[in-house]
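Hello,

Here is the structure we talked about passing on. Please look it over before reading my notes below.

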Amino acid sequence: MDSQVLLIPPQERVSLAVRNLTVTVKKRSKSHPELDRHNILENVSFDLNQGEMLAIMGGSGSGKTTLLNALSTRLGFHNKTLQFEGSIAYSTEADLPRIKNSYLLQTDIFLPGLSVFETLKYQADLRMPPLVSKFEKVDLIDLLLDTLELTHLRNDKVTSFTNKINLSGGEQRRLSLAIQLLNKPSLLFLDEPTTGLDASSSLKLVSVLKKLTGPNYGLTVILSIHQPRLEISNLFDKICLLTRGGRVVYYGSLANSFSYFNSLSFLNNSEFNNKESSNFIDFIMDLSVKDTSSRAKEQYSIQRIDHLVENWKKVFQIDFKLLSPSETKESYNKLNKILSKSTKDRILFFREVVVLTKRTFILTSRDRLSLLALNGGSVFMACACGWLFLNPKGDLAGIRTTQSSLYAMMEIIGFAPMFIEIERLWANDGLNFFREYKENYVSITGFIISRRLGKILLEDFPVGALFAIITYFMWGLRGGVGHFFIYFAIVVLTTFMGMATAMVCFGIGTDLAISSLYLNIFYQLQNSACGFFVNAKTLPVYVRWIKYIAYFWYTFGALNSNQFSNWNGTCTYDNALQCAQFTGNYQLDLLGYPVNWVGEPIGILCAWLGGFYIISYFGLYFKNYDLEMSKTKQNRIGDEEEEDEEESSADNSVGISLRNVNLSVLFKSQFWKPRQEKVILEDISAEFAGNSINAIMGPSGSGKTTLLNYISRRLSGGSKFNKSGEILLNEHQPISSHELAKISSYVSQHDNSLIANLTVRETLYFQAKLRLPPEDLPRITTIVNTLIRKIGLMDCADTVIGSEYVKGVSGGEQRRVSIAIQLLSKPKILFLDEPTSGLDSSTALSILNLLKKLSKTNNTTIVLTIHQPNEDMTKIFENVLLLGKGGRVVYNGTNREMKNYFHEINYDIPDGVNITNYILDLISRGVEEDKETTDLRIDGLVNEWRSKTERSPKGLEFPVSNSDIIDTKLFHKRRSSFHVTLTTIIRRQFLNSIRSADILFAKMFQTILLAIVHTLFFARLKDNQQGITNRLGLVQEVLNLYFVGLINNISLYPIERNIFYQEYKDGVYGVAEFNLSYLINELPIEIAPCLLFSALIVFAVGLPATAGMFFTMFLSCFAAINCGESLGIIMNSVFDHLGLATNIMSNITILAIFMGGTMALNMPHFFKAWNWINPMKYAVGICAKLGFSGTSYRCTEGVECSLTSGQKVLETYSLDIDLGVYFGALAACVIVYRCVGFASVYLKIRYMSSN
């Protein structure tokens, strides 16, 4: 690395002093006071000089990430659940008030649609100091791509808009590190930077970091790491070894650690004598990790760890003045200020807006499905509604239809895009903003402004403009250039207002569910106050003021005034008094709007547009970005019981053979490019021994995970592959991937199927209920608790899994939970993708030993990928497959033969060197090596192996007798009974719903809050002409519960669906169990609020206070919500792109509401035909029939009217229906919609399986 851009001047280089740092979690559980105080860091003290690299090490859950977060101020010092003691002090020779720093998170988040180079380019524009030139930025990016071996991925898209990741885990890690290095930091924090990297890549990465800490650059680096190889350990200037509870076991250099630990008299000599690993750091990490494999070992290891901690306290004593609470608070406030970004290092605000706008514009232009959803949806809805409200007549029904069409514009343009925007913000764009904002590279103002500037030409303006042009002419609105442009301007402005509203709800919401709740309530207030459903003049005094803060009221007023001012309809009477109601001015007076009221409301709308973005700013400014700490739950499953494993007597060995496997991914052809093909696996022939541990190794990007996915039938369904070759059992029996999946289980690299709100014990308990055979269910508590002990999860058994926003178990502990889940199934073949990723060496070794025991006791064939095995782990592998770049075989055979083979081809492995690390270095690019040299060496290794296999007799075919055929049906995973599975999923979903307080609140209270809003606006109904309008409006408003069902579905169903997809692949249960369990948990959340809704609407608002009216309202309410849920299930099953699914659902719902209510009274026959399958048609019909029957209405004084009774109203609006038929049809719609939803899930599963 020769770039001087990363050079840190000597006076800006950073040193660190930590004194007695203690972090305590407070008030974790009100019901269990004994858990109220819990240290997660305890008396941590050390000094770190400038230009040094510190590695924080320890077992999973020892507090490595917590310490890193505390040092970097990412652990909120103002978090009320945490108490901080001690001090953290950074210093520079120049006594700088600000220290430039970067933090590499353990998880990688990238914006979809950008290539690797573009991702770095935009980050460089945002992060690097203003004086750095464009050419220097490109040179540094190229240097980082080359150093981190990402050059070959320069133009590859990182992720797609359907969240398909195109880079391997290691490649994602390296790209994230490259982003952080762009900041030119003096202080660099890295949380598990080598996770997902192979040993060679890890060495190169840490070597780069070491070089950056040298005198030529001067960075200070603090990182957490799990399994460093010997060469990596030697690069660290200091190591800080932590144990459970965030306690220090050792701090200092690796060179001094041997003499220190050797001097401890309480350590057993046998513990030193039994040390087999050439890496001493693995040994001392073993000493600091609690062994929970048995009670005796647990007690012994606890005593040893306590001795280690106490001894270190005696050895490392520093005089430190205890700070008072006020002094502590002041010191941490100062620390926050020191690590915040200096204004001089930030790019100009104008430049920030330009960069963000350009990035947003490019992403918007590439997200074709969203563009199709918004612009295509706008055109579709314009044509559909244009036809629905086609050129109405000038009679009363036509006037009502025109008013309905004007309101329809607000609903379509103001709501549907708004709903898509809120979903996108919580899916990717907003989450990326959170990260960039917390890192001080993006401002709130810059984000808000750039988002709209980047989308205005492609989304905001076209959506409104296309709709305005089409509907203006189809609806036959008032002629004249002035009237057209007023209508055009209002429609476009309504689009802008909708997007601004979405930003407000995003800013003040805590997640998608709560933001959707705010959005829906805000939308209902707009509806009620706009004057269409309830007359503005008759609004109760206590809510009349709301119309002045409802932009729908100004929009609807301007639209009506533009259309009806001094306008005359077609009067069918000779009486002037009767004809008065056909004039536009009469209609405006009836609605409560002035004549020629256009300019003022448009001006007010513009003011509200600015006001909404100001509210958004303050919502985002005061949003809590701190990580919450999870709570420990009470163990309600049972106490621990232990049992001995029974040795398997039968020898049913099932090996796997691959013959000439080739796999390439096909990229879609573009207008300017032909269809491209990228080879991932090339001519792989390999053997995996039965009842053994088989390891697939190779550098990042060599196709390890892809090969595992190919064998296990887990290739991405979103990509097109060209594949060939065959899979055999025991070298001769062909088997399809479909059949192989029935006898195997799979542990994925990402733990995305874990439920954040369940504890470790609860997770395994529910999985055991689903996976264990019936005869083992009585012993389920014993099995689960024994597995928890053996896999090392006792300390976190009752801690919730957690999420990105709630700190639960550590990443390594999540890894072990995922492994434990698959072990419950006791499969014949077990595939594991990076099972030791994120685990310390001691825990990783114990996991591999457990897997080896499983392979023998259960006769299980285990195939796993692994990146960084140490020497002890390598000895466990009985068979090894080495892959080079391009998915080519370098070696396949036993572990014992590997050293001899490489000796035969003139690659002698030096004594004392980890054989795996040496070979991985051979098939990877060296630190200072050029690409051509690396490629020549790897090509030579591949050709050597191919020559060897061509000379071997493996390719010969032998006759197979029937006795050699394996009956795979004997090894099929057995499902639990339908009853057990169904009840288990119901309990799990219910528990998850109860603990998802925000989602539960949103789902329950949306309906209740809507009932309150309607009651406030409509109560009580009068018996005049406005009362007719208000009753019709009330019936129409009930249909908006369709939206409630839709929002309820989007907030929870995609999460449950993704869990189901994963468990269906595991063969745990089927579509019927999932659909029924979701329905059963859904019903109480729908029924209870509907009862309260019906009571308020019927008895408080003033509909006929009869049992028939109450139960009719309840049925209509329930049907609307349930059908909305069903529609959500259908769309979310058909489409993977949530934005597209959301838009289609919104548009279908809006059309159903328009068609089903009293808004479109003269529908074309096409829509009338479709309306027969619209549940809203029947809901409106039965509510209106019972609501108007037996009522009479007064005419306005001085005006004759035709609607004097409820019966005339029903006849005029074609609502005089057969109640029996409509009740039956509504019930049928509820059932049929849900059946279609069930079918859509089934078909999606079949489609995924076929691909």
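Which residues make the nonpolar surface patch of about 670 Å²? They are W387, L390, F1166, W1170, W1172 and I1173. Please keep in mind that this is a predicted model.

L390 has a relative accessibility of 46%, so it is classed as partly exposed; the cut-offs are under 20% for buried and over 50% for exposed.

The other item is a sheet. It is open, has six strands and mixed pairing, and its order is β16-β18-β19-β13-β20-β21. Strands β16 (744–747) and β21 (888–894) are its edges, each pairing on one side only. From one strand to the next, the twist averages 15°.

Within this sheet, β13 (residues 693–697) and β19 (residues 861–865) run parallel and are joined by four bridges. If you want a place to start on the display, find A695, which stands opposite L864 in β19.

Two helices pack on the sheet:

- Helix α27 (residues 811–824) touches β16 and β18 (829–833), and its direction makes about 175° with that of β16.
- Helix α28 (residues 841–857) touches β13, β18 and β19, and its direction makes about 150° with that of β19.

Regards

Technical notes. Residues are numbered from 1 along each chain as its sequence is written. This is a predicted model: local features need pLDDT of at least 70, side-chain atom pairs count only at pLDDT 80 or more; totals for chains, interfaces and linings use all residues. Side-chain values use heavy atoms; hydrogens and water are left out. Two strands pair if DSSP finds at least two bridges between them. Axes are lines fitted to C-alpha atoms, for helices over the stretch in contact, and angles run from 0 to 180 degrees between N-to-C directions. Contact means heavy atoms within 4.5 Å. Patches are made of residues with over 30% relative accessible area and no salt bridge: like charges are joined within 9 Å, nonpolar side chains (Val, Leu, Ile, Met, Phe, Trp, Tyr) within 5 Å. Accessible areas come from the Shrake-Rupley method with a 1.4 Å probe; for residues, only the protein chains shown count as cover. A salt bridge is a side-chain nitrogen of Lys or Arg within 4 Å of a carboxyl oxygen of Asp or Glu. Buried means under 20% relative accessible area, exposed over 50%, partly exposed in between (1.4 Å probe, protein chains only).
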